[in-house]
Amino acid sequence: MQDLDQTIVTPGKTIKFEKIELRPHLIILYPQTQFKQIPLPKGTITLGRGQDADVRLDDELVSRRHCAITFDGIRVTVKDLGSTNGTFVDGEFVEEKVLDSDNRLQIGKMVMKVEFKDKSEEAIDKALYEAATIDPLTKISNRRNFFDRSLGELALARRNNYFVHTIMVDADHFKRVNDTWGHQCGDMVLKEIARILNEEKREADLLARYGGEEFLLLLAGISPEDARKSAERLRKAVESHKFSWKDTVIPVTISLGLCSRQGENIGKIEELIAECDRLLYVAKEGGRNRVAF
């Protein structure tokens, strides 16, 4: 009788796996349209907008030679190269810093991270990132991604003393839409509003679904007057759009609350959101389908 505690010897049956080689990747997280994973070689590469940069970044706020990334075989370090708008890690300006996977590197409008991984993880990582940052219904950024992205935007505005503007958008009488035509119709309305806002905003503006029928935008580097014009353009675009459901035209408008701050008066993103939420209430009390600022 065989001893059940004895290991059975099967020559040649052991599966041999290839040795996993982890190497650092620079991952562009934002904008999502520019998502890519760049393997980092041992040594130093430069990031910038110029032709001579090793990794070219299409962003008007990025200097021609903005910063350098160095991998010494163990650690990854970022070094600012005297850029015009600075290099930021987790919202703080840095001259040189060792990066780990928890850090978020921002240069200009772009957000990146460094992660050690093998080849099999690269495709999975993109899918997981999209699931964590994109609202599944409207296919725009979710609240978490908006908050992460805004850290660098606010730090850049404080450093350069320019304006940032937050806009809270709410679909008017949305409960009536759901109650009258059903939740599928309500979903259609939200998707169409998100599409309109995404098409009408500037490319550099941040847009996210904040929750329910509310959307949030962050605009930077323009005057309060231009921000008001942008908000009014969004309002008119939704008002003039024909929302139809099963051959029925659905009347849809939006109300907007606009908060503007400059430089050191900007504060935290939560404070800006609270203020534009208050102004949104003013817009609704004033009759809806309008911008309050």
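Two strands are said to pair if DSSP finds at least two bridges between them. The exercises below concern a predicted model.

**Exercise 1. How many bridges join strand 1 to strand 2, and in which orientation do the two strands run?**

Solution. 
1. Strand 1 covers residues 23-30 and strand 2 covers residues 36-39.
2. Four bridges join these strands, which run antiparallel. The criterion for pairing is at least two bridges.
3. Within this pairing, Ile27 has Gln37 in strand 2 as its bridge partner.

**Exercise 2. Which parts of the chain does the pair Glu153 and Lys109 tie together?**

Solution. 
1. The side chains of Glu153 and Lys109 form a salt bridge, with an N to O distance of 3.3 Å.
2. Glu153 belongs to helix 2 (residues 143-160), whereas Lys109 sits in the loop between strand 10 (105-107) and strand 11 (110-117), so the pair ties together parts that are 44 residues apart in sequence.
3. Both partners, Glu153 and Lys109, are buried.

**Exercise 3. Where around the axis of helix 5 do its buried residues lie, and what covers them?**

Solution. 
1. Helix 5 consists of 17 residues and reaches 24 Å from its first C-alpha to its last, close to the 24 Å expected at 1.5 Å a residue.
2. Its buried residues include Ala227, Ser230, Ala231, Leu234, Arg235, Ala237 and Val238.
3. These residues cover an arc of only 160° around the axis, and therefore lie on the same side of helix 5.
4. Their cover includes strand 12 (163-171), helix 4 (183-200), strand 14 (214-220), strand 15 (243-245), strand 17 (254-262) and strand 18 (291-292).

**Exercise 4. Classify the partners of the salt bridge between Arg75 and Asp72 as buried, partly exposed or exposed.**

Solution. 
1. The side chains of Arg75 and Asp72 meet at 3.9 Å, N to O; the cut-off for a salt bridge is within 4 Å.
2. Arg75 has a relative accessible area of 47% and is partly exposed.
3. Asp72, at 41% relative accessibility, is likewise partly exposed.

Technical notes
Residues are numbered from 1 along each chain as its sequence is written. This is a predicted model: local features need pLDDT of at least 70, side-chain atom pairs count only at pLDDT 80 or more; totals for chains, interfaces and linings use all residues. Side-chain values use heavy atoms; hydrogens and water are left out. Buried means under 20% relative accessible area, exposed over 50%, partly exposed in between (1.4 Å probe, protein chains only). The expected span of a helix is 1.5 Å times one less than its number of residues. The arc is that of the directions from the helix axis to the C-beta atoms. Contact means heavy atoms within 4.5 Å.
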